[in-house]
Structure formats: C-alpha cells, structure tokens
Amino acid sequence: MSTSILKAIDLENRKKEPLAGFAVGDSVKVLIKIKEGDKERLQAFAGTVIARKGSGATETFTVRQICFGEGVERVFPLHSPNLAGLEVEDRVKRKRAKLYYLRKRTGKTANLETQPA
C-alpha cells in the first residue's frame, strides 16, 4: 500500500477537535459514552495517566486509579468516538515517559508530587 493512502486513512480516523493537552503523570477525569439499550449516558473514570503510546489515529493512553484498595487500569484510544471529554485535574512534575513503577506502590507512596500553580 502506498504511504499516501495510509496517511489519508489516518487523517480520516482522527478526531477533528483533539482532547485537552495532557501528559504522563497528570491526574485526569475521562468521560466515556456508555450505551445501554437505546439510552446513552456518560461515565467518569478518574485517575493518573501512566503511559501514552502510538501516534496518529492509533494513539492510546493508560489511566490508573485505586478503587477499594485494588489498582484498576484502563487503556483509552485517544481518537475514539466513545470518548466524550477529558479534564485535567492536577499537573505533576515527572522525569519519566512511563510511570509503571506506580503499580507496585500503595497508599501515600502512590501519589505524585503536584506542581505549584
């Protein structure tokens, strides 16, 4: 396949309005569209972004939250039509591109130090 065809498909599948600028380490609230029968509702998933992968229409990001003492992670496609929105709650100073070491931490040690506003 020609690279121009692949680029055209990639541009076609991207969102017209990108989500708010966020980086690894930020605390975010992701709003997801959930279909139940013929009804549709929004559900929030709040947590820390621990990774971003890929580029173009296939870019994904991983959000981790602690729920009832258990770590829960979800991987979201950045250009998915089921993503209704993304709110950045806190920005964090970080030194790494992937924060997988947070998986081993619990309690206060799992919190990242926030940047002054």
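How much accessible surface does the protein chain have, and what share of it belongs to carbon and sulfur atoms?

**View 1. The whole protein chain, as a predicted model.** The accessible surface comes to about 8300 Å², of which 51% belongs to carbon and sulfur atoms, with accessible areas taken from the Shrake-Rupley method with a 1.4 Å probe and, for residues, only the protein chains shown counting as cover. The protein chain has one helix and five strands, in the order α-β-β-β-β-β along the sequence; helices (H or I, at least four residues) and strands (E, at least two) are DSSP runs, numbered from the N terminus. Of the 117 residues in the protein chain, 28% are buried, where buried means under 20% relative accessible area (1.4 Å probe, protein chains only). Residues are numbered from 1 along each chain as its sequence is written, and side-chain values use heavy atoms, with hydrogens and water left out. In this predicted model local features need pLDDT of at least 70 and side-chain atom pairs count only at pLDDT 80 or more, while totals for chains, interfaces and linings use all residues.

**View 2. The largest pocket and its lining.** A pocket is an open set of points on a 1 Å grid over the protein atoms alone, where a 1.4 Å probe fits, with protein on both sides within 12 Å along at least five of seven lines, and lining residues have an atom within 4 Å of a point. The lining consists of 22 residues, among which Thr48, Arg64, Ile66, Ala110 and Asn111 lie nearest the centre of the largest pocket. Strand S2 (39-53) and strand S3 (60-67) each supply at least two lining residues, and the largest share, four residues, comes from S2.

**View 3. Arg64 in strand S3.** Arg64, one of the residues nearest the centre of the largest pocket, is buried, with a relative accessible area of 14%. The side chains of Arg64 and Glu73 are joined by a polar contact of 3.0 Å, that is, a pair of N or O atoms within 3.5 Å, of which, within protein, one must be able to donate a hydrogen and the other to accept it, and residues adjacent in sequence count only if both atoms are side-chain atoms.

**View 4. Val63, also placed in strand S3.** Val63 is buried, with a relative accessible area of 0%. The C-alpha atoms of Val63 and Phe76 are separated by 7.9 Å, although these residues stand 13 residues apart along the chain. Leaving aside neighbours within four places in sequence, Val63 has contacts (heavy atoms within 4.5 Å) that include Val28, Val30, Phe45 and Phe76.

Methods
Buried < 20%, exposed > 50% of the residue type's maximum accessible area, 1.4 Å probe, protein only.
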